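The following exercises concern the packing of one protein chain. Please work through each task with the sequence and the structure in view before reading its solution.

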Amino acid sequence: MRQVTLEKLYKHPIVQKYVNRSGMAHAIAVAEHAFDIATKTGVNPDLAAKAGFLHDIGHYKWYHENGEWDYQMYKRNDIHAIKGAARAHKLLVRLGEDLQDAKEIALAVLLHTDSYLPGGQLQLAPLQKVVAAADAADEEPGGNHHYRKIDYKTGLERVRILDKKIDRYLHSARLEQTS
Ligand SMILES: [Fe+2]
């Protein structure tokens, strides 16, 4: 049994508040992609799906007073990955996540983008690569993936399905280990 499921995260008020800000539909799609990529690359799909789901939890919206989105201001000032890593970590620990896993997930959130980092090549760990690839797989031109909508019930159904897939995968991986 996983202590922290996607359903538990999804229902949490902190997640509803911040993940809806950056796009719940995008977060769920990235979690699904992360699961698929992780299972194909030997990465723990539980950690990948949670990191994918929470990767944009640190987003802040940069708006002008007239309500228009200011991309330049965002590019210059954004630290959503840093904020998101700290926010995801705090939430996971509070919900009882294994501390090593909480750290791994937070690091994958921190490094899912290099847009805020000084130039240079990052050496990403496999889990971090999975989350970055899952995010890129759901990206739409002009940042439109942040605006795709999903209603609460449909979102809940999707995360429940993904939770089941993760449980099934971890269960059969455990059986393989013991046989
Ligand atoms: Fe994203």
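**Exercise 1.** Which residues does Ala31 touch, not counting residues up to four places away in sequence?

*Solution.* The structure is a predicted model. With residues up to four places away in sequence left out, Ala31 touches Leu6, Ala49, Gly52, Phe53 and Leu162. Ala31 is also among the residues with the most contacts inside the largest nonpolar core, together with Ala34, Ala48, Ala51, Ile105 and Val109. That core has 45 residues.

**Exercise 2.** Is Leu6 buried or exposed, and what does Leu6 touch?

*Solution.* Step 1: Leu6 is located in helix H1. Step 2: a residue is buried if 20 or more other C-beta atoms lie within 10 Å of its own. Leu6 has 27 C-beta neighbours inside 10 Å and therefore counts as buried. Step 3: not counting residues up to four places away in sequence, Leu6 touches Ala31, Ala49, Lys50, Phe53, Val159, Leu162 and Asp163. Step 4: Leu6 and Ile166 are 160 residues apart along the chain, yet their C-alpha atoms are separated by 9.8 Å.

**Exercise 3.** Carry out the corresponding analysis for Leu9.

*Solution.* Step 1: helix H1 also contains Leu9. Step 2: because 26 other C-beta atoms lie within 10 Å, Leu9 is buried. Step 3: beyond residues up to four places away in sequence, Leu9 touches Val4, Val15, Lys50, Phe53 and Leu54. Step 4: Leu9 and Val159, separated by 150 residues in sequence, are 9.5 Å apart in space, C-alpha to C-alpha.

**Exercise 4.** Which helices do the buried residues of H7 pack against?

*Solution.* Step 1: the 12 residues of H7 should span 16 Å at 1.5 Å a residue, which agrees with the 16 Å between its end C-alpha atoms. Step 2: the buried residues of H7 are Ala102, Glu104, Ile105, Ala106, Ala108, Val109 and Leu110. Step 3: these buried residues pack against H4, H6 and H8.

**Exercise 5.** Characterise the overall fold and dimensions of the protein.

*Solution.* Step 1: the protein has 9 helices and 0 strands. Step 2: its radius of gyration is 16 Å, close to the 16 Å that the globule rule gives for 179 residues, so the protein is as compact as a globular protein of that length. Step 3: along its principal axes, the C-alpha trace spans about 60 × 40 × 30 Å. Step 4: 40% of the 179 residues count as buried. Step 5: among contacts with a separation of 6 or more, 71% are between residues 24 or more positions apart.

Note on methods: Residues numbered from 1 in each chain as written. Predicted model: local features only at pLDDT ≥ 70, side-chain atom pairs only at ≥ 80, totals over all residues. Core = buried A, V, L, I, M, F, W, Y, C linked by C-beta atoms within 7 Å. Buried ≥ 20, exposed ≤ 12 C-beta atoms within 10 Å, placed from the backbone. Contact = placed C-beta atoms within 7 Å. Helix = DSSP H or I, 4+ residues; strand = E, 2+ residues; numbered from the N terminus. Rg over C-alpha atoms; globule rule 2.2 N^0.38 Å. Expected span 1.5 Å × (residues − 1).
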